[in-house]
Structure formats: structure tokens, C-alpha cells
Amino acid sequence: MPETVPSVRYVLVTGATGKQGRAVLDALLAYNTPDAPKWHVLALTRGTGTALKSLPNVTVVQGDLDNCGEVFKKIKSLLGETGLYGVYSVQVAFGRGVTAEQEIRQGKALADESAKAGVKHFVYSSVDRGKFSAPEMSLESPDAFCGIPHWDTKVHIERHIRSLHLPYTFVRPPIFYEGWLDTSINKIMGTMAKTRVRPHVKTQYIAAEDIGGVVGVVFENPQTYIGQPLAIAGDELTFSDIDAIWREVLHKPAPTTLGIVGPTITTLSSTARATYKFFDKDGYKCDIAKTKEIWPATKTFKEYLEAYGKAK
């Protein structure tokens, strides 16, 4: 006898107030209608989640991925026998006090608790690693590691998820468009792209909103995407391409700073050196056409900047 699918499915979305988590939350809620909601989001946040509390079919769960056991106890008390259908797993990879060990520990613990809870679909936000994560490359191979610490953490987490036999989908995006608008990093990001990557070499990007769109489709179609790694991107551009789009759409050059910043950063930081060597020599290998097949609304960089300009 086929398993009964509940009329409303509950999904835990981690990092719900961050770019990816909020995009996934919005994407799932977009499938709901007032008279027949399909998805209810349990929005995990370390803060109060005030901005989310008024949203229909959203329950804020205050908690921390350093204590996944307590998070799942709260979920159990909320849902009782209804059970948790899905999890969107994303961990912080950068920031003050964030370590690779912490990211791995959190990613594995969330997968462990999800397996114990009988989660039906576990979607993990990973990263594309070009030839190191190509379809012909075994995840178990030592060559799956690319030497970039905050990417290699995700190999460990992906391996652990598969070992638990969780019904998983790995979503592997490249760089976010959002970085180009973040005034705390965009000048450095632009300078690195201009000076540390050869002029003819293209780098891939995507909008956080479109990651959410893809994940929404993935949750809506588990029979198609469970067991799949999806390398997704919206555009592929040289720095000159990006600069031309900035000038056309926003009427100013792409953000950069002093040229000496690029070589200085790669001299001082082994992680930056490995990352920009990857961008220059290997590069992402996301399938843009497949991404748009999954989520037709996927934006090019020009479309993303145009939407930003209209919203200002």
C-alpha cells in the first residue's frame, strides 16, 4: 500500500534569516494557497526571528546548530506524531569564530538528528567544486578534495549524509551575485576578480533567490531529485563582462579598489590563494541550462542588477 502523503508537509529551514534560508522559505511558501497550504516552514534562527513570525505557515524555532538535539526536541514537541518531512541544511562557513571543524560538526549533527527523526527529504547546501565534484568524480575519492578549506568541509558532510542513507539532494551553487552589492566586500571582490583571474576566464554566479527557487522545485518533486547532486548557476562572466553590465545598468563601473590589494591578499592568505587559483585554472562547472530547466526564472547577472536598480 503506498505511503500516505500528508496534506501539509513540515520542513525545517536552517539559517532562515540568512540569504539562502530566507530564499528557500519564500520559495516553499509560494506553493501555498490560502485554502490549501502545502508547506509549513519551521524557521530555525539563533535570534528572535521577529520578521518571520507574522508570515502564514511559518513557525520560528529558536535554536543553534551547535545543539541539534535540543532543536529536534523542540520540533518533536511542536509536531508530535505528525513528523518532520524535510530539512534544508546550510551552515555558516565564514565569520568571526567560525571554523571548518565547527561547520563539519554542525552539518553532521543535523544529518544525524534528521535520520533519527525519519526525515523524508534532506536538502544540503554544498558548493560546486568544478572538476573535483564532476559527475565522473567519486565522492569517496581523495581527489574530491580541492584544497580550499571551506569547500572541502562540504565533502566531509556530503559523505556523512550519504552514509546515513538519508533521502538527500545536494545543491551545489557557485558565487552569489549578492556579493557584488555588499559594500563590506564588493570592492575587494571586484579587485580580486580583476587582478587574480586572467581577463578571458569566466567565473560562474547565481542569485540566492534562485537557489531558493531551485530548492522549492526539488522539494516539490522528490521522485526526480532525491539522490541527485545539482550544480546550479545563473551566469558565467569575465570581470570585463561584469564591469560592462554595471556601466550599462547602474551607470557606474563595477566596484574595485587599489590593484595592490589582490596580490597582497593572495600572498597573506593561503585560502585566498587556493580559491583564486581554482577560479583562474579550473573554475566552476555548473550547468546553467539545466538550472534554467529546473527553475526557469533563474536570473542572469544583468537581470539581477536590473531588478536591484528598480527596487532602489
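## Basis

The model is predicted: local features need pLDDT of at least 70, side-chain atom pairs count only at pLDDT 80 or more, and totals for chains, interfaces and linings use all residues. Residues are numbered from 1 along each chain as its sequence is written, and side-chain values use heavy atoms, with hydrogens and water left out.

## Cysteines

A disulfide here is a pair of cysteine sulfur atoms within 2.5 Å. The count is 0 disulfides. C146 is in no disulfide; its nearest cysteine sulfur, that of C286, is 13 Å away. That distance is too far for a bond.

Buried means under 20% relative accessible area, exposed over 50%, and partly exposed in between (1.4 Å probe, protein chains only). C146 is buried at 16% relative accessibility. C286 is buried too, at 7%.

Helices (H or I, at least four residues) and strands (E, at least two) are DSSP runs, numbered from the N terminus.

Two strands pair if DSSP finds at least two bridges between them. β1 pairs with strand β2 (residues 39-45) in the parallel sense, over 5 bridges. Helix α1 (residues 19-29) carries the chain from β1 to β2, in a right-handed β-α-β crossover. Right-handed means that, with the strands pointing away from the viewer, the path from the first strand over the helix to the second runs clockwise. β1 also runs parallel to strand β4 (residues 86-89), joined by 3 bridges. L12 has bridge partners in both: L42 in β2 and V87 in β4.

## Salt bridges

A salt bridge is a side-chain nitrogen of Lys or Arg within 4 Å of a carboxyl oxygen of Asp or Glu. The count is 17 salt bridges. One of them joins R172 and E158, with the closest N and O atoms 2.6 Å apart. R172 lies in strand β6 (residues 168-172) and E158 in helix α5 (residues 149-163), so the pair ties together parts 14 residues apart in sequence. R172 is buried at 8%, and E158 is buried at 0%.

R198 and D280 form another, at 3.0 Å between the closest N and O atoms. This pair links distant parts of the chain, 82 residues apart: the loop between α6 (186-195) and β8 (203-206) holds R198, and helix α11 (residues 270-281) holds D280. R198 is partly exposed at 36%; D280 is buried at 11%.
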